[in-house]
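Please keep the structure open while you read.

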Amino acid sequence: SGIVLVAINPYEQLPIYEQDVIYAYSGQNMGDMDPHIFAVAEKAYKQMARDEKNQSIIVSGESGAGKTVSAKYAMRFFATVGGSASETNIEAKVLASSPIMEAIGNAKTTRNDNSSRFGKYIQIGFDKRYHIIGANMRTYLLEKSRVVFQAEDERNYHIFYQLCASSSLPEFKDLGLSKCWHTPVPCW
């Protein structure tokens, strides 16, 4: 095990994850600045470049701790320091895939309106110049019970409500959603 960062989910947006903060941590040594997910990402990025070996960042915690958000911040860091938007749009595609995955695997729980109900293994590929060239996301341990049962004040996966809300659109006609259960709960 390497460095351990304990982060607390403040349940509100803070200005500590902005672009200027990414640039502040980029190129810094661990310990030169306050503990931060960007410091951990910079350390992994620097070691990957220096040692030319794969690196891993494990994000762990209980439900609602902010694991998915922390992983997105680490990916944003890599996309910023490990690529140039003028050269490729792979970075944007990697970051843009997250809402799609969230629609399929996230649900409303009593603790979190957008709770990831599955584990994720995200592998980001870099070229010899350490620019992102692609990513692969594997999911595991999907909470299957949520499909047939939700606790009081909880919801199924977001995609279920999105499909129901779209059932009348012509492009969804062939999916057989016309008898979809409609819910008074607004779609996410």
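In what follows, Ala, Val, Leu, Ile, Met, Phe, Trp, Tyr, Cys and Pro count as nonpolar, Asp, Glu, Lys and Arg as charged, and the others, Gly among them, as polar. By those classes, the lining of the second largest pocket divides into twelve nonpolar, seven polar and two charged residues. The model is a predicted one, in which local features need pLDDT of at least 70 and side-chain atom pairs count only at pLDDT 80 or more, while totals for chains, interfaces and linings use all residues. Residues are numbered from 1 along each chain as its sequence is written, and side-chain values use heavy atoms, with hydrogens and water left out.

**Confidence**
- Mean pLDDT (the predictor's confidence in each residue, from 0 to 100) is 82 for the protein chain, and 87% of its residues reach 70 or more.
- Over residues 183-188 pLDDT stays under 50, and the model has 14 contacts (heavy atoms within 4.5 Å) for them beyond four places in sequence.

**The second largest pocket**
- A pocket here is an open set of points on a 1 Å grid over the protein atoms alone, with protein on both sides within 12 Å along at least five of seven lines; a cavity is a set of points where a 1.4 Å probe fits but cannot get out, and lining residues have an atom within 4 Å of a point.
- The second largest pocket holds about 560 Å³ of space, where a volume is the space filled by probe spheres set on the points, and grid points are joined across faces, edges and corners.
- Its lining has 21 residues, and the closest to the pocket centre are Ile3, Leu5, Val40, Ile57 and Ile58.
- Two or more lining residues come from each of α2 (37-51) and α3 (67-81), with helices (H or I, at least four residues) and strands (E, at least two) taken as DSSP runs numbered from the N terminus.
- α2 supplies the largest share of this lining, five residues.

**The cavities**
- Searching the whole structure finds two cavities of 30 Å³ or more.
- The largest cavity has a volume of about 70 Å³, and its lining includes Thr68, Lys72, Met101 and Ile122.
- α3 gives the most to the lining of the largest cavity, four residues; α4 (90-105) and β3 are also among the elements that supply at least two.
- The second largest cavity has about 60 Å³ of space, and among its lining residues are Tyr25, Met33, Ala39 and Glu42.
- α2 provides three residues, the largest share of the lining of the second largest cavity.

- The 15 residues of α2 should span 21 Å at 1.5 Å a residue, and its end C-alpha atoms are 21 Å apart, which agrees; the expected span is 1.5 Å times one less than the number of residues.
- Buried residues of α2 (under 20% relative accessible area; exposed is over 50%, partly exposed in between; 1.4 Å probe, protein chains only) include Val40, Glu42 and Tyr45.
- What covers the buried residues of α2 includes α1 (19-25), α3 and β3 (119-126).
- In α3, Thr68, Tyr73, Met75 and Phe77 are among the buried residues.

**Backbone angles**
- Most residues other than glycine have a negative phi.
- Tyr130 has a positive phi of about 65° and lies in the loop between β3 and β4 (132-140).
- Asp153 has a positive phi near 70° and is exposed, with a relative accessible area of 56%.
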